[in-house]
Amino acid sequence: MTATAEASTPAGEVPSFEVTLRIRRMNPEGTSEHGAGEEYWEEFRIQAHATDRVLDALHKVKWDVDGSLAFRRSCAHGVCGSDAMRINARNRLACKTLLKDLNPAKPILIEPIKGLPVEKDLIVDMEPFFASYREIMPFLMTSGPAPERERLQTPAERERYDDTTKCIMCAACTSACPVFWTDGQFFGPQAIVGAHRFIFDSRDEGQWDRLEILNDKAGVWKCRTAFNCTEACPRGIEVTKAISEVKKALNTGEI
C-alpha cells in the first residue's frame with residue numbers, strides 16, 4: 001500500500017489516504033489484453049479511510065473502478081469465512097483486515113488462497129476442500145433411539161473440543177499448509193479440525209471410524225507441524241495442537 005495521510009485532519013474526522021492495491025487476476029474467458037486463463041497483476045489506486053478494511057477497498061474497486069473484479073464475500077463480519085484470501089503473502093479474511101494495519105509504504109498484494117483451482121480473480125473452487133470435510137463425517141453419530149431431550153455433557157467434557165467448534169470453514173488453514181499445496185491427497189488441517197470436534201465429543205460414538213479415516217495415507221501423518229495453519233486461522237484455533245491430539249489418540253488408542 002502506498003499511502004499518504006493528509007497533513008491535517010479536523011478533530012473528529014477519520015484520516016484518509018491513497019492506497020494502492022496490487023491484485024492477482026485471472027479471467028477464464030480472457031480479456032482484450034490477456035488470454036483465457038492467463039494470470040497477471042493489476043494495480044488500483046483508491047482513496048481510503050483509516051477505518052477501512054481490505055474488503056471495503058475491494059468494494060470501492062469493484063463498484064467505482066472495475067466491475068469485473070471477482071471475489072467472494074457475504075456477512076463481512078468474520079463469521080461466514082467466504083472472503084479468505086492471501087494479503088501480503090499471508091492468509092487473512094478481507095473483512096477482518098484493516099488497511100492501516102498493513103505496511104502503508106508499499107502496495108498491498110492480494111491473491112487467491114493457494115492450493116485450490118482459481119475460477120476467476122480471487123475466487124477459488126472450494127469443492128476439493130469441502131470433499132475432504134465430508135470424508136471425516138462431520139455430524140454426530142449415535143446408536144439407539146433418539147432421546148426425548150437434549151444429550152447432556154459436563155463442562156469439562158465440552159471443554160475438550162470447545163476450541164475446534166469455532167471453525168468457520170474459510171479454508172485459511174488448509175490453503176496455508178505447504179503439504180496441501182503439493183499433495184492433492186492430503187485432507188488438510190481443516191478436515192482434521194472438523195474431525196477433532198466430534199472425536200472428542202463425549203456424546204459421539206463414531207470416534208474410531210473417524211480415526212481410522214485419519215490414519216489413512218491422506219490423513220494426519222502427512223502433517224509436518226509447520227504451524228502455518230495455526231498462524232492463518234482467523235478464529236485463533238490452535239489447529240496444530242488439535243492435529244497433535246488426534247495423532248496422540250491414534251498412537252495411544254485412548255481418547
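Lysine 114 lies over the face of tryptophan 181, at 3.8 Å from the ring centre. The structure is a predicted model.

**Charges over rings**
- Besides the contact of lysine 114 with tryptophan 181, the charged end of arginine 197 is placed over the ring of phenylalanine 198, 4.2 Å from its centre.
- Both Arg197 and Phe198 belong to α5 and are buried.

**Aromatic pair**
- The count of aromatic pairs comes to one.
- The pair joins phenylalanine 129 and phenylalanine 130, whose planes stand at 65° with the ring centres 5.3 Å apart, so the arrangement is edge-to-face; the cut-off for that class is over 60 degrees.
- Phenylalanine 129 is buried, at a relative accessible area of 3%, whereas phenylalanine 130 is partly exposed, at 30%.

**Packing of α5 and α6**
- The axes of α5 and α6 are 9 Å apart and form an angle of about 155°.
- The two helices, α5 and α6, are therefore roughly antiparallel to each other, since angles over 145 degrees fall in that class.
- Their crossing is left-handed.
- On the α5 side, the residues that meet α6 are Ile192, Ala195, Phe198 and Ile199; on the α6 side, they are Gln207, Arg210, Leu211 and Leu214.
- Residues three or four places apart in an α-helix point the same way, because there are 3.6 residues a turn.

Terms used
Residues are numbered from 1 along each chain as its sequence is written. This is a predicted model: local features need pLDDT of at least 70, side-chain atom pairs count only at pLDDT 80 or more; totals for chains, interfaces and linings use all residues. Side-chain values use heavy atoms; hydrogens and water are left out. Rings of Phe, Tyr and Trp (its six-membered ring) pair if their centres lie within 6.5 Å; planes under 30 degrees apart count as stacked, over 60 as edge-to-face and the rest as tilted. Buried means under 20% relative accessible area, exposed over 50%, partly exposed in between (1.4 Å probe, protein chains only). A charge sits over a ring if NZ of Lys or CZ of Arg is within 6 Å of the ring centre and within 35 degrees of the ring normal. Helices (H or I, at least four residues) and strands (E, at least two) are DSSP runs, numbered from the N terminus. Axes are lines fitted to C-alpha atoms, for helices over the stretch in contact, and angles run from 0 to 180 degrees between N-to-C directions. Angles under 35 degrees count as roughly parallel, over 145 as roughly antiparallel, 65 to 115 as roughly perpendicular and the rest as oblique. A crossing is left-handed if the near helix is turned anticlockwise from the far one by less than a right angle, and right-handed if clockwise. Contact means heavy atoms within 4.5 Å.
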